[in-house]
Amino acid sequence: MKWTKYENDYKIPVKSWCADLEEGALKQAVNLAHHPAVYHHVALMPDCHQGYGMPIGGVIAVKGAVIPSAVGVDIGCGMVAVETDVPAERLAEMSFRRQIQDKLKERIPVGEGVSHKTNQEWDGFESYLDNNGQVCDFANGLDRKNLGTLGGGNHFIEIQKSDAGFVWLMIHSGSRNLGKRVEEHYHKKAQKLNKLYHVELPDPDLAFLPIEEPEGHDYYRDMLFSLRYAAENRRRMMNAMKETFAEFVPETNFIREINIHHNYAACEEHFGEKFFIHRKGATSAKLDELGIIPGSMGTASYIVRGLGNEESFQSCSHGAGRVMSRTAACCRLTEAECDAAMAGIVCERWQKRRFGKGKGQLDFSEAPQAYKPIDTVIEAERDLVEPLVRLTPLAVLKG
């Protein structure tokens with residue numbers, strides 16, 4: 001841990017593994033330290049940066065309630081990684097890697113708003129209906145068509161090599177548009193409910209739902225379904241990735257698979273009490289639990305083992321963490337320096353921006369320079385996790 005902040009008017013302290021926290025993220029953490037439903041302390045991971053309501057890379061313990069914005073709109077966003085026994089030398093030729101990547105693009109829909117053309121079958125949809133789920137979209141089949149698709153933004157598919165010289169497969173994605181709708185639906189309900197009961201909040205974006213209220217129960221149910229959906233989404237894409245890879249490298253054996261979330265709330269016991277632990281841009285790191293901490297495109301990722309540190313509510317970072325906003329990265333970075341950062345890695349050309357000012361210019365928002373150095377982040381949380389495997393990218397397919 002880097003520092004603890006606890007001033008006279010705080011309800012609880014803020015404990016940070018992030019040495020240099022940006023002003024906006026600190027203000028959000030202080031708001032959480034004044035929140036009526038947040039207890040014990042606020043924990044900030046080393047990749048922490050400003051988010052919506054709650055900082056990304058934050059972990060909080062909430063008693064008897066859930067805070068939709070403290071989970072966020074990308075419910076169940078997470079990682080899946082598969083270890084193979086294939087020597088990385090087998091993929092030495094960049095042209096060979098590009099062939100694999102091109103076939104992956106044919107099988108896995110990639111990009112914002114890109115989905116399957118037909119509904120996907122999954123028994124999870126029917127169980128959701130049986131449990132009175134409210135938000136999943138059955139009217140036009142959007143969630144059925146999105147199942148098994150990557151999405152956009154910082155989601156990715158990568159072929160990587162370990163320092164030991166073997167190939168790993170990795171995917172970063174979540175619940176697609178479903179999680180966004182769940183958060184927005186219940187965040188509005190939370191704001192109305194808090195206003196009705198005259199609840200004083202440090203920030204209206206931190207509205208909460210008591211778990212015993214119907215709205216709190218319904219949010220938790222729909223959030224859990226979003227987690228199931230996200231895990232199934234990653235599983236399906238990884239199955240397609242394994243099948244594709246095995247077509248190009250028939251001798252492949254798949255050794256182990258890790259599939260985890262980093263945006264969710266869970267009922268857990270810490271410090272002798274039951275809480276709803278909210279991890280927004282943070283990963284569970286219970287004792288001996290395997291986790292995945294990805295870097296930015298072009299940089300290393302890590303397979304880690306949790307150390308079960310209670311001071312972080314048994315959590316760790318979920319990635320490298322941004323040092324530039326999307327807009328700032330597009331304005332400050334150049335094509336030449338971004339290309340140089342991706343030297344030797346098969347990847348797509350930089351796409352045109354589809355957001356904010358400067359729409360239409362090249363989008364460098366996911367370039368390595370827009371993120372913190374992953375090795376610095378890992379070093380800052382050596383009391384939270386033990387790094388087991390270091391992976392570097394051979395091919396990157398972005399959403």
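**View 1. His-270 faces Glu-273 of strand 12 across the strand pair.** The model is predicted: local features need pLDDT of at least 70, side-chain atom pairs count only at pLDDT 80 or more, and totals for chains, interfaces and linings use all residues. Residues are numbered from 1 along each chain, and side-chain values use heavy atoms, without hydrogens or water. Strand 11 and strand 12 (residues 273–280) run antiparallel, joined by eight bridges. Strands (E, at least two residues) and helices (H or I, at least four) are DSSP runs numbered from the N terminus.

View 2. Pairing takes at least two DSSP bridges between two strands.

**View 3. Helix 6 (residues 214–248) meets helix 3 (residues 123–130).** Their axes, lines fitted to C-alpha atoms over the stretch in contact, come within 11 Å and cross at roughly 175 degrees. Angles run from 0 to 180 degrees between N-to-C directions. The two helices are therefore roughly antiparallel, a term for angles over 145 degrees. Gly-124, Phe-125, Ser-127 and Tyr-128 of helix 3 contact Asp-222, Phe-225, Arg-228 and Tyr-229 of helix 6; contact means heavy atoms within 4.5 Å. Four of these residues are nonpolar, two polar and two charged. Ala, Val, Leu, Ile, Met, Phe, Trp, Tyr, Cys and Pro count as nonpolar, Asp, Glu, Lys and Arg as charged, and the others as polar.

Methods:
Parallel < 35°, antiparallel > 145°, perpendicular 65-115°, else oblique.
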